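The exercises below are to be worked with the sequence and the coordinates at hand. Each task is followed by a solution in steps.

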Amino acid sequence: MFRPTPRASGYFRTDYAQDLALLQTRAERIGLAALVAILVTLPFVATPFLLDLACQVFLASIGALSLMLLTGYAGQISLGHAGLIAAGAFTTGILTREIHAPFWLTLPASALTGVVLGLVFGLPSLRLRGLYLAVSTLALHFIVIYLGGEYETKRGFSTGILIEKPSLGGFKLTDGRAWYFVLLIFAAATLLICVNLLRSRSGRAWRAIHARETVAEALGISISGYKLLAFVISSAMTSVAGCLFAYYRGVVSIEAFDLFLSIQYVAMIIIGGMGSLLGALLGAAFVTVFPYAIEALLKLLPNVQKLAGDIFAVNYASFGVVMILFLILEPLGLVGIWRRLQNYFLLWPFKYKPLAGTRK
Amino acid sequence: MQLLINIVVLASIYALIACGYVLIYRVSRVLNLAHGELMMFGAYLVLACSSLFAGHPVMALCAAVILSIVTGALVYIFLMRKMTGEMVLAAILTTVALGILVRGVVVLVWSSQQQYPAQALGISNPTFTLPGDGHISLWSLVLVLTNLAAYGALFGFLRFGRWGMRMRAAGQNPLLAAQRGINLHGVYALAWSLSTLTGALAGILMALDSGVTGSMPVIALKAFPAALVGGLDSLGGALIGALIVAGAEVLLIYYVDPLLSDVVPFLVLVAMLFVRPWGLFGTREELDRV
Amino acid sequence: MLKRTLLGAIAICALTIPASAQDAYVVGLTGALTGPPSSTYAPAVDALGLYIDRVNAAGGVNGKKIQLILEDDGAQPSKAAANTKKLITQDKAVLILNASLSSTYAPVIAETQAAGVPLLFASSVCPKSVYPPAEPLQFCTTGFAANYDSQATLDFIKARAKGPVKIGFSAMAIPLSRGEIDYAENLSKEMGMTPVDKEVIPPPTADYTSFATKLKDAGPNWVYSWAPWVTQVRTLEALRKLGWQDDYVAWGHLEAESELSRLKDGKFFVVNSNALFQEALPIHKEIEEAAKKAGSKYPAATMAEGWIAGMAIEAALKGAGWPADPAKLKASMENLKVDTKGLRGGPIEWTKDNHFRTKLYYRVYTWSGDKISRVQDWKSYDVK
């Protein structure tokens, strides 16, 4: 999306406005229009189950995009993503239960929680790198979950905090279709924010830090400032995802935010392809839909009724197998496949770049 | 007295698990998040072997231990070898995927019920009373001793053994080591089998003491802070780290609030990360970025 | 990108819609069939499957077969919600069953309520919403239930103890278990007992001895635990290891029977609402035979819970007639009496505002000498 995509020849940008435009060619505009058209018509043809799946994908996309911003671009590993989602969800849950806060209050409040936690999560990054940083964020995850569990127990919400569906301007969001559009808009907005952030000064600073901190500092980039900024922005967006999750499911409980969720988000950005927003989207869709797809595929096997008790274990194990195969066979992720596909059509009828001169 | 025993037993559990993390991290800089699953797998192997060698508990135990060494080597040869030279995060994710696979297989083969290998082997678990009214069960005691033996053997091996020296060299500078003719794949495979061995020992002994279910891997995650507090690349550090974490946990359970025991290891860890990120005995290093 | 995946998913799902959908009663289940907590639920679901197979082999209900569709949620709330949505909209299930952790209740309840489909908690702990006055669409057959269990247990302790009772508690650090033990602690005070200590133990625990040490040092002469089996039994084992020799009461989960004979502990009591297979009632033999025939992985002794759920489902469908829709089924379930044939102390009765049981029955078992024995026969409690 952001990386200059290969274009046919004969396209020149002649003023700065063109340079800044998000969509530059007619093909891109048509492509986007088609995508929007499909996304808008989808809820009217899809079954409610597919709609739910799509909503899950949108929610995951928000989380994956923000993690991609942090890990894929700014180079800061985080294993505390589930903790941040939980923080947003719990802020929403607590505010609605305690003071009956409406949607327009809980959403910014969740974002604010995200900002604060982002600062806290980000502090270790000033001293730590790589794995050690990941582990410190992991520790914060456990602390958030502990606090959430204490709240649930002390207030007697043993099966989770129930949350009323929010109303927007007198219109209550209960319908699956309405949710689809709300989440779609939020996911699209997140994508837009990410794209623009990455084209701006901060985005360039993050990539410089990612590439080599010393050089970045020598270029006059405030390392600590931009690292914290990355954490703050990413956490705020993640917490918003948590808030939406809470409303969408109508319930918040600590069991929903275990370590496995954090790992799933890391899986999304790696499987999708590091350092690409498109990769984050692809990864989010893949990791979310995959278990359901495997289940559906396995059920197609003959004699499946006999296996009934075992099928879920097989299902679970095959999730591991496919993930392994993916990591081994396609290290560049889904976005690598996408790029190859693009190049294939771009270079057609040639298999490789003919006359590839000195430049890569 | 009992508190002291509790600390020692818990520290031994954590230490025996933690040294598995350390071994692999030290040579290949990969964090093995499937360690807990491999540990559980070892415990289930005892079950499998107990039905295979019915009536010969010692044979069954030995077979399980050997099988777990083989498992470790196979994991490296068929899986992690492919990840050599890839992004560290991708390698870690591969271990996560391996963990998921192992869990699925365990449920498939042994169902998700609680199992008791000790019962299957037909051995009991008597309790000894120590002076000062301390109590310790047989298998906990064996675990403490095994832990000491394992650490002793590993120290000796890494310090004086030929392959041990190669392992240290590979950990310090893999490229140089490879160019000096050290068989890197051999060294890595060895590290994986040793790590799986110690993990499986911990799993087997815990299972003999109190049974095994599918939730065992979570324990390994709690041993992880121990490895980190001591320094991820230091064996001695893992031992001390395990003592610190176990001590903090046991004392807090007794004197403050049992609920804290879940969070404490990680609080200790965060404190440690702020003061000495590379751990008590770890080497200071620049880590790879993503 | 998104569209490709979604289109793929549509294609896959389109292929999987069962052809036989509408000439059978479709019952959907979402349960924790994989993942750490599955040991409580998987055997019950297995048993339920066996029961339904048997009903089908005998000609079905009202001449129609029952089609049981299982979905695994791995105890994840999100997955449970998606499963429920699929079962209701795609498989057109007339009844949804939940056999999973309490964290999945709220999303499943929300989905079933939106669709007006009755929801039956089978083998997962009964939420308070099925107690009178019950929520219209929620029902429960599960043996264990908050508050009543502690009431029965403490009554048993009071009757059994000779002198004053100093009671210790053990819970797992999940909200449900903690809530119940807190309730029990208050109740014990009202009943004139002295609560001395309460241990809340996190689920992943390497060594229970630390918790047991504290419990033992508080000096209780009774300990009560209401938690998943792991916590109950490992606390006990750790206490015994430390030389504590007094009485221990726990809830009799599915595992109780095999565990009583493993531990052979004369001062370990399990409070149970299901008759143990030790009683060797005709129905027990029936279950054992069915389990053997199907080659089930789980021992027959863990199957009573699923069997009871099956009985309730069969009775409810029978009352609903053919073709059944959720509304008819709901009407049938609101006026239902299921004969448990001795598996429980009495029938399961549901009325308009009681979707739990009108009467609860508890038995207490322990190990004596060489076999499991009953120390207290069915004692009934009215549910109000």
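**Exercise 1: a residue in chain C**

Ile167(C) is buried, with a relative accessible area of 0%; buried means under 20% relative accessible area, exposed over 50%, and partly exposed in between (1.4 Å probe, protein chains only). The model is a predicted one, in which local features need pLDDT of at least 70 and side-chain atom pairs count only at pLDDT 80 or more, while totals for chains, interfaces and linings use all residues. Residues are numbered from 1 along each chain as its sequence is written, chains are lettered from A and ligands numbered from 1 in the order in which they are written, and side-chain values use heavy atoms, with hydrogens and water left out.

Task: state in which strand Ile167(C) lies and which residues it touches.

Solution. 
- Step 1. Ile167(C) belongs to strand β6 (residues 166-172) of chain C. Helices (H or I, at least four residues) and strands (E, at least two) are DSSP runs, numbered from the N terminus.
- Step 2. Leave out residues up to four places away in sequence; the residues touched by Ile167(C) then include Leu154(C), Ile157(C), Met193(C), Pro220(C), Trp222(C) and Tyr224(C). Contact means heavy atoms within 4.5 Å.

**Exercise 2: strand β9 of chain C**

Task: find how many residues of strand β9 (residues 247-251) of chain C are buried, and which strand β9(C) pairs with over four bridges.

Solution. 
- Step 1. Five of the five residues of β9(C) are buried, so the strand is largely enclosed by the rest of the structure.
- Step 2. Sort the side chains by direction: Asp247(C), Val249(C) and Trp251(C) point one way, Tyr248(C) and Ala250(C) the other way.
- Step 3. The pairing is with strand β8 (residues 222-225) of chain C, in the parallel sense and over four bridges. Two strands pair if DSSP finds at least two bridges between them.
- Step 4. One bridge joins Ser225(C) to Ala250(C) of β9(C).

**Exercise 3: salt bridges**

Task: state how many salt bridges the structure holds over all chains, and describe some of them.

Solution. 
- Step 1. Side chains of opposite charge can pair when their charged atoms come close. The rule asks for a side-chain nitrogen of Lys or Arg within 4 Å of a carboxyl oxygen of Asp or Glu.
- Step 2. Over all chains the count is 28 salt bridges.
- Step 3. One of them joins Glu330(A) and Arg340(A), at 2.9 Å from N to O. Glu330(A) sits in the loop between α14 (311-329) and α15 (334-347) of chain A, and Arg340(A) in helix α15 of chain A, 10 residues apart. Glu330(A) is buried, at a relative accessible area of 12%.
- Step 4. In chain B, the closest N and O atoms of Arg103(B) and Glu37(B) are 2.7 Å apart in a salt bridge. Arg103(B) is in helix α4 of chain B and Glu37(B) in helix α2 (residues 35-52) of chain B, 66 residues apart. Arg103(B) is partly exposed at 24% relative accessible area, while Glu37(B) is buried at 5%.
- Step 5. In chain C, Asp91(C) and Lys86(C) form a salt bridge with closest N and O atoms 3.1 Å apart, and both residues are buried.

**Exercise 4: two interfaces of chain A**

Task: describe the contact of chain A with chain B and with chain C.

Solution. 
- Step 1. Chain B gives 44 residues and chain A 43 residues to their contact. The buried area is about 4,000 Å², 80% of it on carbon and sulfur atoms; this is the accessible area (1.4 Å probe) that two parts lose on being put together, summed over both.
- Step 2. The rule finds zero salt bridges between chain B and chain A.
- Step 3. Chain C gives 39 residues and chain A 46 residues to the other contact, and about 3,900 Å² is buried there, with 71% from carbon and sulfur atoms.
- Step 4. Between chain C and chain A there are two salt bridges. Asp52(A) and Lys85(C) form a salt bridge, with closest N and O atoms 3.9 Å apart. Asp52(A), Arg249(A), Lys85(C) and Glu111(C) are linked in a salt-bridge network.
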